[in-house]
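Subject: Structure handover

Hello,

The structure is below, followed by notes on what was found in it. Please check them against your own copy.

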Amino acid sequence: MITPGSAAPLPLPGFVQIEPVGQCNLSCRMCPVVYRGDGDPGRPPAFMAYETFCSVLDEFPDLRELQLQGMGEPFLHPRLLDMVRHAAARGIAVSTNTNLTAFSERRARECVTSGLKRLHVSIDAADPQAYAYIRTGSRLDRVLRNLARLVAAKRDLETCDPEIILVAVAMRRNLDQLPDLVRLAHRYDVRSVAVQHLAHDFTEGTLPEKYRPMRGFVDGETLLQADAAEVERRFSAARSVAADLGVDLRLPNVRPKDPDSHRRLRCDWPWRGAYVTYTGQAMPCCMIATPDRYAFGNMAHDGVARIWTSAEYEAFRKRLASDDPPEICRGCAIYNGTF
């Protein structure tokens, strides 16, 4: 693997994240897509064309892992599962994420037979009211009905794929929900729960005005400024339930594990993987969220190799590996060791 600071030529990566959809059917308060406005009424759908997807994918000859996800809801794309099938036919391990609202029994079965290896399902609370507040525009009963359809399709077709992982964003509002989320996962035969901090990487110098309402919500709900002992107590309660039920629970760091270590060792995204938006824009990673903040160029228009090896991309890598990282990275949860 090429590592930060290596002088060897950088080959095209074996991992890529492609955003098939740049719009969503929900209006979650912590999500940049709400303020970005792509796909809003009166604007064209924010979908990557299937032909563009195939073209971009073909330019990664050694691709081993593909994440079909970004800021939008992937299952809004009418050809999402065609994308999965196309990549899986090349032997690529494909994963995606979903809020599980745009589902049906038929689509659940198609999802199971598509070749998808992993599906991350966003459910942030086991209580319907808490869930509805966080996931604005959705209802927990509808999501759980669709989750049951997916689990039933796997059982009926006698397959382990896709692996279902319940994903939650921990915040002040749902911190006491974590044990019940683990119980919910177990009830639906979901073996893994992944929890991450609610955080943003918007420093003052990188914050477009339109994202300020999102930043206000995140600043008010994040656990990164909460009492660490109390957060750890709640995390411990969730760990205990997970251990009893045999659920694999991944929790974020309460605080950075090693705040005095060199931060450049914490992020290797721009060396190991590419991120491509639904318009073809190449960004350093998924954490930046939207290309109006930082992009290197358009891989769909100008070619993958040309952008991946460009002087601008190389300059970004060099600075990220230094003691003076790009400003866009300084507030990042991964870079700061709290992810």
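Two strands are taken as paired if DSSP finds at least two bridges between them. Helices (H or I, at least four residues) and strands (E, at least two) are DSSP runs, numbered from the N terminus. This is a predicted model, in which local features need pLDDT of at least 70 and side-chain atom pairs count only at pLDDT 80 or more, while totals for chains, interfaces and linings use all residues. Residues are numbered from 1 along each chain as its sequence is written, and side-chain values use heavy atoms, with hydrogens and water left out.

Strands

Tyr275 stands opposite Met283 in strand 9. Strand 8 and strand 9 run antiparallel and are joined by 2 bridges. Their hairpin has 4 residues between the strands, and Gly280 takes a positive phi near 100° there. Strand 8 also pairs with strand 1 (residues 15-18), in the parallel sense, over 4 bridges; Val16 has Ala274 as its bridge partner in strand 8.

In a regular strand the side chains alternate between the two faces of the sheet. In strand 8 (residues 273-276), Gly273 and Tyr275 point one way, Ala274 and Val276 point the other way, and all are buried. Buried means under 20% relative accessible area, exposed over 50%, and partly exposed in between (1.4 Å probe, protein chains only).

Aromatic residues

The structure holds 9 aromatic pairs (rings of Phe, Tyr and Trp, the last by its six-membered ring, with centres within 6.5 Å; planes under 30 degrees apart are stacked, over 60 edge-to-face, the rest tilted). One of them is Phe296 with Tyr313, a stacked pair at 3.9 Å centre to centre and 20° between the planes. Phe296 sits in the loop between strand 9 (281-283) and strand 10 (297-298), and Tyr313 is in helix 13 (residues 311-320), 17 residues apart. Both Phe296 and Tyr313 are buried.

The ring centres of Phe296 and Phe316 are 5.5 Å apart with planes at 80°, so this pair is edge-to-face. Phe316 is in helix 13, so the pair ties together parts that are 20 residues apart in sequence. Tyr294, Phe296, Trp308, Tyr313 and Phe316 form one aromatic cluster.

The charged end of Arg317 sits over the ring of Trp308, 4.4 Å from its centre (CZ of Arg or NZ of Lys within 6 Å of the ring centre and within 35 degrees of the ring normal). Arg29 likewise lies over the face of Tyr133, at 4.2 Å from the ring centre.

Regards
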